[in-house]
Amino acid sequence: MLSGKRVLLIIGGGIAAYKSLSLIRLLRGQGCAVTPVLTQAGAQFVTPLSVSALAGQKVHSALFDLTDESEMGHIELSRSADLIVVAPATADLMAKMATGRAEDLASTLLLATDTPVLLAPAMNVRMWEHPATQRNLAVLRGDGIRFVGPDEGEMACGEYGAGRMAEPEAILAAIRAMLVQGPLAGQHIIVTSGPTQEPIDPVRYISNRSSGAQGAAIAAALRDLGASVTFVTGPAAVPAPDGVRVVAVETAQEMLAAVEAALPASAAVFAAAVADWRVLNAASSKVKKDGTGQAPALQFVENPDILATICRGDARPKLVVGFAAETDDVLGHARAKRLRKGCDWIVANDVSPHTGIMGGVENSVTVISAEGEETWPRMAKDAVAAKLAARIAQALHD
Ligand code: CTP
């Protein structure tokens with residue numbers, strides 16, 4: 001939660017300004033007060049009324065507003081928050097900041113402030129890659145300004161590349177990382193979660209019953225301790241938590257690529273129920289009955305073991321936690337799995353149907369490490385997550 005925190009949100013002029021409205025909702029949902037500042041260009045994309053309605057506060061836009069000057073001057077405004085967020089941060093705003101210009105309310109606030117500043121750049125890929133912008137970026141980084149994004153992808157202007165504003169959830173995660181001084185502040189942790197889906201053809205797939213509940217709870221618990229979390233999730237029944245960077249994938253191969261792309265990290269928790277096999281002869285068009293009554297023969301190939309691959313890799317996080325979902329000889333299999341895969345801890349759970357754990361709200365786990373084994377009483381998945389997150393925080397500090 002961000003209760004009691006105050007963010008000054010400067011909305012620059014760019015098509016991504018509409019995403020700032022979602023950001024305001026996410027922040028307020030976390031109990032954070034949002035004081036909005038809308039640049040003249042920003043007001044071309046979102047209206048002052050929608051911004052103020054969502055923020056529940058007046059929008060500041062003009063530098064010389066007599067009411068404001070008597071109530072709260074721009075210097076005071078710039079210092080009244082715990083964090084200034086600029087989203088979208090345009091090439092022009094970045095240039096103004098890098099050269100110390102104060103010619104409108106936004107640039108003046110940014111020059112006058114002594115609070116931390118987070119920028120979410122958004123611009124056309126050529127503008128982002130332009131040496132002038134890259135120079136400004138380096139200058140601003142040197143000044144201690146923090147950045148989230150930009151992402152790579154399809155742009156509103158039809159081009160493809162880096163320059164898309166980070167998604168509101170990712171901006172929220174970056175804000176949390178800067179404002180929440182929990183024991184995991186400043187630590188990046190990757191969590192995999194949910195099932196994977198392995199296609200048979202464009203309309204059918206092979207998957208499993210994982211709901212993603214335990215993984216989502218772990219990501220939320222790590223976030224609550226201040227970690228910046230990358231949540232790599234298969235198609236889960238449970239929604240991804242707020243305030244984490246969500247990378248949605250379908251297959252095991254996509255999940256491995258997403259985890260590798262998210263490295264480096266201080267820790268990684270592999271809670272996903274990854275399909276062990278994928279269909280080698282997956283069809284590119286829907287498989288039809290051929291009238292003979294004969295079922296199509298599926299050939300399988302083993303999927304990459306994401307946990308084992310990361311444990312063996314060069315960028316192995318300091319702490320790697322795996323799960324062992326078993327239906328018989330739970331501890332025996334789990335111990336062997338920890339050694340085979342090379343992770344530090346393995347969280348063993350019995351997923352036999354009678355336990356009601358898979359898809360349920362409770363879990364009963366044994367945490368196995370080189371130091372020993374600890375069985376926790378059956379408790380809500382949220383409680384397991386909170387306990388595990390606290391252990392992770394402790395281990396990363398040791
Ligand atoms: N895992 C993974 N990639 C895979 C398979 C599993 O990252 N391709 C991870 C899971 O996220 C979990 C751990 O490995 O943290 C154990 O998963 P589990 O399904 O219990 O084990 P399997 O590797 O499938 O082993 P087995 O077939 O012996 O049950």
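Domain bounds here come from an automatic or database domain assignment. On that basis, the chain splits into domain 1 (6–179) and domain 2 (188–397). Before going further, note that this is a predicted model: local features need pLDDT of at least 70, side-chain atom pairs count only at pLDDT 80 or more, and totals for chains, interfaces and linings use all residues. Residues are numbered from 1 along each chain as its sequence is written, and side-chain values use heavy atoms, with hydrogens and water left out.

**Where the domains meet**

The C-alpha centres of domain 1 and domain 2 are 36 Å apart. Taking contact as heavy atoms within 4.5 Å, eight residues of domain 1 touch eight residues of domain 2. Buried area is the accessible area (1.4 Å probe) that two parts lose on being put together, summed over both; for domain 1 and domain 2 it comes to about 610 Å², with 58% of it on carbon and sulfur atoms. On the domain 1 side, Glu169, Ala173 and Arg176 give up the most area to domain 2, together 56% of what that side buries.

What about charges? A salt bridge means a side-chain nitrogen of Lys or Arg within 4 Å of a carboxyl oxygen of Asp or Glu, and the count between domain 1 and domain 2 is one. Arginine 176 and aspartate 224 form a salt bridge through their side chains, at 3.6 Å, N to O. Helices (H or I, at least four residues) and strands (E, at least two) are DSSP runs, numbered from the N terminus. Helix α9 (residues 168–179) gives the most to the side of domain 1 that touches domain 2, with six residues.

Two strands count as paired if DSSP finds at least two bridges between them. Strand β4 (residues 117–121) runs parallel to β5 and is joined to it by two bridges. Leucine 118 sits opposite arginine 146 in β5.

Most residues other than glycine have a negative phi, and most peptide bonds are trans.

| Cis peptide bond | Omega |
|---|---|
| glycine 149 and proline 150 | about 5 degrees |
| leucine 263 and proline 264 | about 5 degrees |

Proline 150 is in the loop between β5 and β6 (151–154), while proline 264 is in the loop between α11 (252–262) and β13 (267–270). Aspartate 329 is not a glycine, yet has a positive phi of about 40 degrees. Aspartate 329 belongs to the loop between β16 (319–326) and α13 (330–341).
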